[in-house]
Each structure stands twice: as C-alpha cells, then as structure tokens.
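Please examine the sequence and the model displayed here before reading on. The paragraphs that follow lead from one residue to the elements that surround it.

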Amino acid sequence: MRMAFSADAWYGPQGHESRVDLTTVSRSDLRWYCFLGAWRIEHGTTDISPPWGWTPLFDAFYGVRDVMESASEGAMHDRIDFTENDEHIRILRRGDDLVLSPTYTEAEIVCRVDEFVEAGRDFIRRELAVVVADHPALAMNPTARQLADEVGLALGP
C-alpha cells in the first residue's frame with residue numbers, strides 16, 4: 001500500500017497566504033485550508049485516489065492517523081471523510097485485513113491492518129517532512145509538532 005501527495009498550491013485563508021503565520025496557524029486552518037494537492041492512494045495496480053486533486057494535506061494526515069489508531073485498537077468500521085465534499089472512504093475490518101471502499105469509484109483496496117498502519121506512518125512522516133522543509137516556520141507550529149511526534153518524526157528544536 002502506498003500513499004503520496006503532490007502539492008498543487010499553498011492555500012491559506014484565501015487572499016491572505018503571505019500573511020499567515022505558520023508558527024501559530026490553528027489546527028483547524030491547517031486541516032482545512034492549507035497545503036492542498038492531489039492525494040494518491042494505491043495498492044498494487046488498484047488506485048482509489050480522490051479524483052478532484054484539491055485535498056488538504058493535514059486533513060489527509062488526520063484521516064489516516066485516525067484510521068491507523070482505530071484499526072490498531074480493533075475497530076470494525078471507520079471512514080475517511082473529505083473536507084471539500086461529501087465523499088468518503090469506508091473502512092471495514094475483516095480479520096487482519098482492512099477493506100477501503102471509496103464512494104467515488106467502484107475500486108476497493110484490501111490490505112493488512114499492519115500494512116495500512118505502516119503506509120500511513122510513512123505517508124505522514126514523508127509528506128510532513130517535505131512541507132516543513134518547504135515552509136520551515138511550520139516546524140515551530142504546535143499542531144505540526146504533535147503530529148510529527150505521533151509518527152516518530154523529529155522536527156528539530
């Protein structure tokens with residue numbers, strides 16, 4: 001299983017991008033308004049990536065993190081919602097497997113719980129490191145630091 005993100009735009013409160021202080025921007029603003037792009041979700045040859053390309057990065061982080069946590073605790077059902085519309089990815093646990101079924105396509109992915117957790121942790125580590133490298137002030141943001149700590153990513157002092 002692989003998740004990746006390609007940034008299409010830095011987007012803050014519209015028209016105020018240069019005035020947003022990334023060291024203090026709120027969790028909700030990070031989650032819903034900043035760092036939009038195309039989120040890729042693939043397993044083998046199956047692709048269940050959202051087709052609209054404007055998924056907020058931190059919203060993807062939190063959706064994945066929540067499923068990682070609930071699946072690890074044995075939850076039978078979960079879902080990843082999208083801020084920008086009513087679509088979602090249904091998550092159903094079958095034994096040691098997760099079945100990911102999006103509402104926006106007929107395709108589905110079946111993977112082991114531990115495979116999803118590992119892919120999710122890798123996704124958050126990799127993409128958070130990229131966005132912090134591109135926007136160093138974000139490394140001082142408490143929300144970004146907490147998320148980094150949760151996945152074992154050191155953001156520095």
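Leaving aside residues up to four places away in sequence, D59 touches R31, W32, D81, F82 and T83. The model in which these contacts are found is a predicted one. D59 itself has its place in helix α2. Is this residue buried or exposed? With a relative accessible area of 4%, D59 falls under the 20% limit and is therefore buried.

Attention now turns to the sheet. Strands of a sheet pair through backbone hydrogen bonds, in either a parallel or an antiparallel manner. Here four strands form an open sheet in the order β5-β6-β7-β8, and their pairing is antiparallel. The edges are taken by β5 (77-81) and β8 (109-112); each has a single partner strand, so one side of each is left without a neighbour in the sheet. On average, and with direction ignored, neighbouring strands of this sheet are turned by 25 degrees against each other. At one end of the strand order, β7 (residues 97-102) is joined to β8 in the antiparallel sense by four bridges. Within this pairing, L100 stands opposite I109 of β8.

Two helices accompany the strands. Helix α2 (residues 57-72) packs on the sheet and touches β5, β6 (88-94) and β7, with its direction at about 175 degrees to that of β5. Helix α3 (residues 113-134) lies across β6, β7 and β8, and runs at about 95 degrees to β8.

The axes of α2 and α3 come within 9 Å and cross at roughly 150 degrees. An angle over 145 degrees counts as roughly antiparallel, which is why α2 is described as roughly antiparallel to α3. The crossing of the two helices, α2 and α3, is left-handed. Residues of α2 that take part in the contact include L57, F58, F61, V64 and M68, and those they meet in α3 include V113, F116, V117, F123 and I124.

How many disulfides are counted? The count is zero, since a disulfide requires a pair of cysteine sulfur atoms within 2.5 Å.

Key. Residues are numbered from 1 along each chain as its sequence is written. This is a predicted model: local features need pLDDT of at least 70, side-chain atom pairs count only at pLDDT 80 or more; totals for chains, interfaces and linings use all residues. Side-chain values use heavy atoms; hydrogens and water are left out. Two strands pair if DSSP finds at least two bridges between them. Axes are lines fitted to C-alpha atoms, for helices over the stretch in contact, and angles run from 0 to 180 degrees between N-to-C directions. Contact means heavy atoms within 4.5 Å. Buried means under 20% relative accessible area, exposed over 50%, partly exposed in between (1.4 Å probe, protein chains only). Angles under 35 degrees count as roughly parallel, over 145 as roughly antiparallel, 65 to 115 as roughly perpendicular and the rest as oblique. A crossing is left-handed if the near helix is turned anticlockwise from the far one by less than a right angle, and right-handed if clockwise.
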